[in-house]
Structures are given as structure tokens and as C-alpha cells.
Amino acid sequence: MAAKWKNPARSKPKDARAAALLTLLDIDAGRFPEDALEDYSSEYMAGLDRRDRALAHALVFGVLRHRSRLDWTLNHFLKKPDKPLEPVIRIILWLGLFQLVHLDRIPASASVNESVKLARDYGPTWSVKLINGVLRAVTRAKALPDPQKANLPSIKKLALAESHPEWMVRQWVNQLGYDEAAAFLNANNQIPPLTLRVNTASISREELLALLRDRVDQVKPTFYSPEGLLIFGPTGSIPNLPGYSEGYFTIQDEASQMVAHLARPRAGEKALDACAGRGGKALHLVSLARSSPVWALDPDLARLTHIEPEARRLWLDSPIVVQGDLLHNPFKPESFEKVLLDAPCSSLGIIRRRPDIKWLKSASDPPRLAEFQYKLLDAAALLVRPGGRLVYSVCTMTQEETSGCVEAFLSGHTNFKLITARDFLPPSAHPLVGPDRTLQTWPHKHQSDGFFAAVLKKGSDH
């Protein structure tokens, strides 16, 4: 895709703001966000010191979190707000306004001057005057416009105030009610802690906490998971944390840590992670029941290649890695006692960690993905032995992809029944299981990612 901006030193941005600009331009141009953000940690960040890396991180994620409100505010200061701006100009304005509004340690003059400098280096010549004029007008304003005080429909007000797409706000207001939806959307915009899952086969949680205490701003045990630690504040790069090279921990959100417990194989049982990706949950299965063989299936070979090196780092046996598509049934029927299906989904529960998701998804995604999830469940069900368990999980909370999908599955698979997730979780996690017997977590209630999991047992009398 051809770029329309100047880029005199694309592979070597001069500073944090340039690195953030190039990353956001890549995302805007259609590059897969995970790739762009990984490059942000390597290609664009090479040569930057720790302080500049931290600022670039804050700028990229801050702009993605608050993008639509930044846009709405800027439109009040543009002479022709309806005229489309080139991406490079719009993003420089986002970066400048974000610094003015959200980063109080940066003087306003520096925010404006550095944005003008970005325009000189990367934008068309005429944009320098526009960016300088708009941002200086913002600094002179006595107060910025407030969407909650604007004459707008309630959904649009909330969408602008919390910087989410209107369809997403309507989805959550319909499901949760206005006040709880507002709390949820606000939680999506908070910076989450770094969450570790302790490799308890190598070290106890208390021992790792003591090891980390002097090297990070704050560390404390997770509330629900007996294997988790929360780290707050700047920590530097993850591989530089104490215990990383020794395999004492892996990165995994607290809610996600619960899923492998639901499918924990007993000695001698065979378990399958049917959509393994990079293998985080498959390796957790291995650590929970070392004497049981675990298979990791995924169609994406690039993701599967991460599993074996990670298993070596954690001093675990590697799962048996299989490249393949669950829908084409690469295994014989009834091959496993435990099948974990962590299905592709709208990912609306992990927006606080991946704010770009807000701008990538559309209203058609939850129902479209629910149909796909049903097909995956149908294929996974064939692989479960009588008496075995099928664990279905998604990192979203839309009704279509959670309870709706499970209800549809049960209506078409009468040899399965829903059993309570509580029976397989550590006691500290029991409050996460609702009256409907499924596990559900929400960022505004549990300070974790939003997650759903259901345990489906296959009858032995069919």
C-alpha cells in the first residue's frame, strides 16, 4: 500500500513522537496491528532510550484509546471540520492534542512545538501552519468542549465521552443498561497492569513476588487466580524482568488463567487445545497435568512455531504441535478426554490491552463470529470421548458469542450437557461463576479482561 506521507528516515525515527507517528500510520494504512505494534518494539524503537520508548508506548496506546474524542474535539478548532485530512496530518493532530489533554508532565509549548516539527518532517509543507494554528488555539481555549454537555443523542454522547464506536456502545447499553455500560466502557480506557502467570512447577508465587518486589513499582497477587501476579507501573522490557530467562513466569491475564483449569486432564487422559495459537493455554495444560499428553492444533504455522521455544524456556514438555484446521477434523472421532476450544471471537473483552480493536470491529462481527464458533464447537464435539469435557471460551461477552452460542450448541447436541464451571476452579475463583454455571469476567467488575467460559460434558449413554 503506497504511503502518502514524507518519510525521510522511516526505519530510524528520530524520537518517541516520530516512532509513535510511524506506528499509527502503519495501522491506519491497513497493516495488521499486532505486526505494527511488534515493530514499534523493534524497528521503530531501535536506538531510542527507555524513556523515549515509554513515551512512544503511551502515545500509541493513548491515541488508540481516545481517538474518536480527540477527533471530535479537534473538529471544534478546524475551520473546515468536514473536509477530510490526510492521515499523517490527522495523526499528528491526535498526538499533539493527546499530549495537551492527557500528559500533564509535558509542557503545552513542547506538545505544540514537537507536533509542528513532526509536520515539517513528515507532512506536506502547508500542514505546518494548520497544525500550529489548531494546537495553539486549543492551548488558548478556556475549556475544551464536553460531549456530555452537547445537544446529542445519549448513545452518541456516551460514545464520544468514552471514545468507542456508536454500534459498540449501543450493544453494551442494550445488554447491560446505560450506567453499567458506561462503567464498562470507561474501564476499557484504563491502562491495565501487566499480569503474570507463575510457573508453579519451578517457583512459588510468593517466591517470585519477593524476587520482583525491588525491581518494579508495585507487585501484588491476583485476587482470583492462585497463580497470578499483577505488576503496576513502568517495568522495562519483559525479558529483562527477574525470572524471565529462568522460566519462572509467562504473560497471561488473570481471566485467561482460569480456562486451563476447566479442562485440566487427569493422569493418562489426552487433552487437545483445538485453537492453540501461540500455545499459552496448551502450555498451561501441560503444567497442570504433566503426565498427560497435550496436543496443540492451529492452522497458523507462524503462531505454532512459538510453542516449542516457550516450552523450553518454561522447562516444560512441549505439547504435540499439529498444524491443521479443526473444521477439517485432523483427528479420529472421540480421540480426547478433554478438548479446549478457545475460539476466535470479536475480542471485545480485551480492548483495554488492544484498543485498536475498537476501530477494527463492526456491528456485523458478533453474529458472524457466533456462526463460526458454532461450527467450531460442532467439530470439536466429535473429538470428545464419552464422559469427557469440552471447554468453550472466548475473550468477549456479547450474548451471541457466549450464552447464545452455548444454547444453540446444546439444542443441536443433546448428548452434551452444561455443567458448572465452579467444580473445576480453585476456590478463590468461585465468585466468577454465575447462576447460569458459566464463568464470566468483566474489566469494570473484576479488574481483568472480559472473558467467558462454559464446560460441556459429553454423556456416556449415547
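**Entry 1: strands 2 and 3**

I looked up V219 and found that this residue stands opposite I231 in strand 3. Strand 2 and strand 3 (residues 228–232) pair in the antiparallel sense over four bridges, where I take two strands as paired if DSSP finds at least two bridges between them, and where strands (E, at least two residues) and helices (H or I, at least four) are DSSP runs numbered from the N terminus. I note that the model is a predicted one, in which local features need pLDDT of at least 70 and side-chain atom pairs count only at pLDDT 80 or more, while totals for chains, interfaces and linings use all residues. Residues are numbered from 1 along each chain as its sequence is written, and side-chain values use heavy atoms, with hydrogens and water left out.

**Entry 2: strand 8 and its partners**

Next I turned to strand 8 (residues 336–342), which is mostly covered, since seven of its seven residues are buried; buried means under 20% relative accessible area, exposed over 50%, and partly exposed in between, with a 1.4 Å probe and protein chains only. Strand 8 runs parallel to strand 5 (residues 271–273), and three bridges join the two; A271 has K338 of strand 8 as its bridge partner. Strand 8 also runs parallel to strand 9 (residues 384–394), to which six bridges join it, and here I found L341 bridged to Y392 in strand 9.

**Entry 3: cysteines**

How many disulfides does a search of the whole structure find? I got zero, with a disulfide taken as a pair of cysteine sulfur atoms within 2.5 Å. For C345 the closest cysteine sulfur is the one in C395, and because the two sulfurs are 3.5 Å apart, they are too far for a bond.

I looked up two residues that are not glycine and yet have a positive phi, S163 at about 55 degrees and W315 at about 60 degrees. S163 lies in the loop between helix 7 and helix 8 (166–176), and at 1% relative accessibility S163 counts as buried. W315 sits in the loop between helix 15 (307–313) and strand 7 (320–323), and at 64% relative accessibility W315 counts as exposed.

While at helix 7 (residues 154–161), I also checked S154, which is found in that helix and is partly exposed, with a relative accessible area of 42%. The C-alpha atoms of S154 and W94 are separated by 25 Å, the two residues being 60 apart along the chain.

**Entry 4: cavity and pocket**

Rolling a probe the size of a water molecule over the atoms shows where empty space is left. On a 1 Å grid over the protein atoms alone, a cavity is a set of points where a 1.4 Å probe fits but cannot get out, a pocket is an open set with protein on both sides within 12 Å along at least five of seven lines, and lining residues have an atom within 4 Å of a point. Grid points are joined across faces, edges and corners, and a volume is the space filled by probe spheres set on the points.

My search of the whole structure found one cavity of 30 Å³ or more. The largest cavity holds about 40 Å³ of space, and helix 1 (16–28) and helix 5 (108–122) are the elements that give two or more residues to its lining. Helix 5 supplies the largest share, five residues. Among the lining residues are R17, A18, E114 and Y122. By class the lining has three nonpolar, no polar and six charged residues, where Ala, Val, Leu, Ile, Met, Phe, Trp, Tyr, Cys and Pro count as nonpolar, Asp, Glu, Lys and Arg as charged, and the others, Gly among them, as polar.

The second largest pocket has a volume of about 410 Å³. Of the 14 residues that line this pocket, L78, K79, K80, W126 and L130 lie nearest its centre. Helix 6 (residues 127–140) gives the most to that lining, with four residues.
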